[in-house]
Amino acid sequence: MYGSGLLKGLSITIKHFFEKKITQQYPEERPALPKRFRGSFELIPSKCIVCSLCSNACPNNIISIQSKKDENNKKKLTGYQMMMGSCLYCGFCVEVCPTGALYITQKYENAVFFRQNLNVSLFKDEPEQMLQAVRSEAE
Amino acid sequence: MDIFIVWVEIFRHWLTVATGIPILAEIIVKAALTLGVIIFVLLNLIVLVWLERKLSAFFQMRRGPNRLGPAGFFQFPVDIVKMLGKEDIVPANADRPVFLIASICAFLTAIMAWAVIPLGRGLILEDLSIGIFYFIAIGSTGTIAFIMAGFSSNNKYALLGGMRAAAQMISYEIPMVFSLLGVIMITGSLTLSKIVEGQKSIWFIIPQILAFLCYFISSIAETNRGPFDMTEGEQELVGGYFLEYSGIRYALFMVAEYTHLVAVSAIAALVFLGGWNAPFGLTFIPGFIWMMLKIYFMIFLFMWVRWTFPRIRIDHLMHFGWKVLIPVSLINIVLTGIGIFVFRAITG
């Protein structure tokens, strides 16, 4: 019959009209991310043994590690930088980490205002680290 | 709403006494009422811009504007400021005077139709004896503004949009008039208030359902809204006849479109949906409220159709207008004539 298609279209849109809306109110509502979503990297400095396997595994060579030897002739981490602008989030660095010091989080809001801010430091210098610890204790 | 009419009468009387010249008082009262109608139309516009956004969002399962004010209602001052803030550009090779007048013409012709549209018993600027005829005549002069805009822009897309507007509005004017003719035959009057009075027992949508459908379809084409928005046709014509306009002049075209939409909805409510007559004996609600409810019901229908169907092709549009709508509306006239004849033969 002529017009049955028109009525069908109208019925679909009026159904949508009363249905629950699917828009996500972003800053207030957060998306439910998949379990294995790769957002950004974090490091537990106490676990890191400065084996530099992560920087060797990195296909783009974006990880740079600084270390010094302590009195027991053990390497100690003093700096850990990642150039996130070149990161392809393959996760090789996390895969090779023998102690599980480096891990992936689901924090996906990685946008920055300036290009140099993409070079993130996952481990700050010791004095600063100390200061932060003091601050957090004070709080 | 009778209190409103009483106020106007008191104001008129006071003016006549104060000035001592009845004609001057009449002119002042009429000017004030005209201003009132324009303000009423513009207020409707604020609601409509919001409503269009919100309804289109709902039909697409979105939420629409919801940041500014309750349910995003205060989006409109932002829109207005944005429109006023834009530069008023006139293209270098445009026909300058025509280009400048065109947007004003579009707005004027849209607002002039409101002279004969009653919003309640007695709530009318001028109850002309040829009310509905006047509405149709003014409605079709809007085409000239669109051609002016398209022609003076000196742009092929704008010109195509203007030509399409002319072709479309002329060919859809005919079924629109024919569909109103059935109602006019029943009431025997062109006065809108008399047509409404004639619907006290039964709304004309019931005996004239065919005419209502014809009117509905052709009025969508008249107001250049989807799915008949061939004149704008973003995908083919960029923006149609108001392609070269910016700022306040562009806003005037939008104002004209929405004003026309409200006017067409008001006519549909008056002619087919019983105007300010209350259905089911719910007379405790004032007629004005009923009228507004019916107008907004029609506007909802227009928006529902707009956000459901894709735009049809220009040759299909012409085909549909001339080969389907006009014969159907003519058949409706014949059927109405036979109906009236039979009715008279029975009742004597």
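Visitor: Is B:R249 buried or exposed?
Guide: This is a predicted model, and the call rests on relative accessibility. The cut-off for burial is under 20%. B:R249 comes in at 15% relative accessibility, so the side of the cut-off is clear: B:R249 is buried.

Visitor: How many residues apart are B:R249 and B:D88?
Guide: The pair links distant parts of chain B. B:R249 sits in helix α10 (residues 247-271), and B:D88 in the loop between α3 and α4 (96-112). The separation is 161 residues.

Visitor: What is the relative accessibility of B:D88?
Guide: Exposed means over 50%, buried under 20%. B:D88 falls in between, so it counts as partly exposed, with a value of 36%.

Visitor: Which residue pairs with B:R53 in a salt bridge?
Guide: B:R53 is partly exposed, at a relative accessible area of 32%. Its closest N–O approach in the bridge is 3.0 Å, to B:D79.

Visitor: Which helix of chain B holds B:D79?
Guide: B:R53 lies in helix α2 (residues 22-59). B:D79 is 26 residues apart from B:R53, in a distant part of the chain. That part is helix α3 (residues 75-85).

Visitor: What is the N to O distance between B:R225 and B:E257?
Guide: Both B:R225 and B:E257 are buried. Their side chains meet in a salt bridge, with N to O at 3.7 Å.

Visitor: Where in chain B is B:E257?
Guide: B:R225 is in the loop between α8 (209-222) and α9 (234-237).

Visitor: Which residues are linked with B:R225 and B:E257 in a network of salt bridges?
Guide: B:R225 and B:E257 are bridged to each other. The network also takes in B:E52 and B:R306.

Visitor: How many residues make up the largest nonpolar core?
Guide: B:L48, B:W114, B:F135, B:F272, B:I295 and B:I299 touch the most other members. This core draws at least three residues from each of domain 1 (1-85) and domain 2 (86-347) of chain B. The core's membership is 71 residues.

Key:
Residues numbered from 1 in each chain as written. Chains lettered and ligands numbered in written order. Predicted model: local features only at pLDDT ≥ 70, side-chain atom pairs only at ≥ 80, totals over all residues. Heavy atoms only, no water. Core = buried A, V, L, I, M, F, W, Y, C linked by side-chain atoms within 4.5 Å. Buried < 20%, exposed > 50% of the residue type's maximum accessible area, 1.4 Å probe, protein only. Domains from an automatic or database assignment. Salt bridge = Lys/Arg side-chain N within 4 Å of Asp/Glu carboxyl O. Helix = DSSP H or I, 4+ residues; strand = E, 2+ residues; numbered from the N terminus.
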